[in-house]
Amino acid sequence: MKTKSPLALLAVLATLLAACGGAAPAGNGAATACFPVTGSCPDEARSLDGAGATFPAVIYSKWIEEYGSATGVQVNYQSIGSGGGIKSITDKTVDFGASDGPMTDQQLADAKAPILHIPTVMGAVVPTYNLTGVTQTLKFTPDALAGIFLGEITKWNDPRIADANPGVTLPASDIAVVHRSDGSGTTYIWVDYLSKVSKTWETTVGRGTSVKWPVGVGGKGNEGVAGTVKQTPNSIGYVELIYAIQQKLPAGLVRNAKGAFVEPSLDSVSKAAEGVTIAEDLRASITNSDNPAAYPVSGFTWLLVYQDMPDPKKALGVTRFLWWAITDGQRFAKDLGYAPLPKDVVTKAEAKIRSVTSGGKPALPAG
Amino acid sequence: MTSRADRVFAWSVGALALLVPLTLLGIALLLLVDAWPSVARYGLSFLVTTEWDPVKLVFGAGGYVFGTLVTTAIAILLAAPVAIGASVFLVEYAPRLVRGPLAFLIEVLAYIPSIVYGLWGFFVLVPFMRTTVEPALQGTLGGVPLLGALFSGPVVGLDLLTGGLVLAIMILPIILAIAREVVSAVPSAQREGMLALGATRWETVSRAVLPYARAGIVGAAVLGVARAFGETMAVTMVVGNSSTDISPSLFTPGYTLASAIANQFTEADSELYFSAIVEIALVLLLVAIVVNAAARVLIRRTGAAREGMIL
């Protein structure tokens, strides 16, 4: 039932807008075929190119397959990394970019025209560890995580870890910290969280897809970090939630802003964006969410599009795909290990998609 | 007619041959253009300062240079004696029946893709180093003054020593193949002369063969160095990818120039960051050209001398 609700909302919106009689780009009946997004549309571009983030690549390829068979539109997505996605959309070599970290103000200023952030799904990053003899799931306070990754907490039996884990016998051994060696959206969410919970982290290390790590060894990719943690006794690292679930890695609980230790799951990740204030431009960081049920190390991944696309066919094609992705497309998220967008975020994203224009006219027909 | 056809042909093959140096020049120029913001900003200090912070946009590749030099040095110190010894054995001592298969086996190492070395290094060598080799080194040499500093600190297995060891295995076949060529290029007259004077096998090898082949063997080692310098995947998987501190211990995780590119290229989203990464590529290209040229000169010296003898 839950997954049907965006559809219902869409139907309501469609009727409302039809009653208002907005300006369709091509007129005579085409508009009804183009919106709501159900089948093929004669006025849209037959192929779209996108590039960027690797984290959502799995659901994007599923969407591309499903959307292709529903509409006949061929979408090409190259998962070259978030940095590459931002570069590609800035250089206009693609129709849409994709990134796990929002573009900075500087990057937005460097682009020649306004770029919109459309959140598509959510993901989370979890602490995973290898402690011989410890069978219980560990709980981490924000202070403990920041302290470990800053190199200030060096032993497992440090009271800052132990106090949150009564009844667990922690060894007096050195902590081996493992981080990503490659630039990554996973790292961005992790350090964005650490920046919010630790002033020291924010001023000495900061936020980015790659940072200057105070301690630890680097592994390439989720598999590199997970592999290193698995084979190094007394180690701790961080990986994407989906990866931890698939590989059955131990994932620690993290204490959220409201003081609850929350187990990372698709539901607790979706909660992170529910009922919280989100920036107008949707470039929102939702780590350390105020929702009491939220897992705090969660984040959006975004598609990046120009607010105005001169080619009306491209503009229609891109907006239809985006609309479909955040409504119909959401039902594929959970099976693939992504957290779907909560309803209020979908509504905000829909409004953003509506604001895309082609030569000043709305790109999406007001069906 | 014929002479004109000849000229046309000469021009066309000449143009084709010119394509190769032009491609190299093109690559170098493109790298220079993309690296310019970083080159202009940091100059030569880029190679010696060790602060590399993509968040604060400060880039100094000194840590990567250090890691590259250390892993390469370990590799060549471990691989060169083995390769040279094996080449002498194959040419001077091995029975004909053994020579072919043994040489083939060693050279097969050269055809294994580097990612395979990386996987083997990560899943087999790293745990072995962590549990066995490094604690043993620490236990025996750790207490020796000065030398002990090389084997101090916590043992994780992902470090400069493991990186150097994987590189050693990878460059071994290259050095061996060339050293074997060079040693077998030593004219028989040299050996026969020594033997006629009543020298033993060992005296012949150490006084006649090796001195004669010296330049070529050094050249082989230099080519090995060139390979170790640029090797990327396998090292990245075992070296630890961290350049936070430059310490004398070989047990600290390190970072090499090539690994820095492999790890950070895709997410280098600001202009200066990107150009700093490209500057690393430019440095690697220049080093590769210089080192390879030096190696060729050295190897050719042995070859040229041989021709002189025959005449």
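Predicted model: local features only at pLDDT ≥ 70, side-chain atom pairs only at ≥ 80, totals over all residues.
A crossing of two helices is called left-handed if the near helix is turned anticlockwise from the far one by less than a right angle, and right-handed if it is turned clockwise. Residues are numbered from 1 along each chain as its sequence is written, chains are lettered from A and ligands numbered from 1 in the order in which they are written, and side-chain values use heavy atoms, with hydrogens and water left out.

In chain B, the axes of helix H6 (residues 188-196) and helix H7 (residues 201-230) come within 9 Å and cross at roughly 150 degrees, where axes are lines fitted to C-alpha atoms, for helices over the stretch in contact, and angles run from 0 to 180 degrees between N-to-C directions. Because of that angle, H6(B) is roughly antiparallel to H7(B), a label for angles over 145 degrees, with those under 35 counted as roughly parallel, 65 to 115 as roughly perpendicular and the rest as oblique. The crossing of H6(B) and H7(B) is right-handed.

Also in chain B, helix H2 (residues 62-93) packs against helix H9 (residues 257-264) at an angle of about 125 degrees, with the axes 7 Å apart, and this makes H2(B) oblique to H9(B). Contact, meaning heavy atoms within 4.5 Å, is made by Tyr64(B), Val65(B) and Thr68(B) of H2(B) and by Leu257(B), Ala260(B) and Gln264(B) of H9(B).

Turning to chain A, eight strands form an open sheet with mixed pairing, in the order S2-S1-S3-S11-S4-S8-S6-S7, two strands being paired if DSSP finds at least two bridges between them. The edge strands of chain A are S2 (74-78) and S7 (217-219), each of which pairs on one side only. Helix H8 (residues 185-197) of chain A lies across S4, S6, S8 and S11, running at about 80 degrees to S4(A).

Finally, how much area do chain A and chain B bury between them? They bury about 2,400 Å², 50% of it on carbon and sulfur atoms, buried area being the accessible area (1.4 Å probe) that two parts lose on being put together, summed over both. In chain A, Lys212(A), Lys220(A) and Gln231(A) lose the most area to chain B.

Notes. Helix = DSSP H or I, 4+ residues; strand = E, 2+ residues; numbered from the N terminus.
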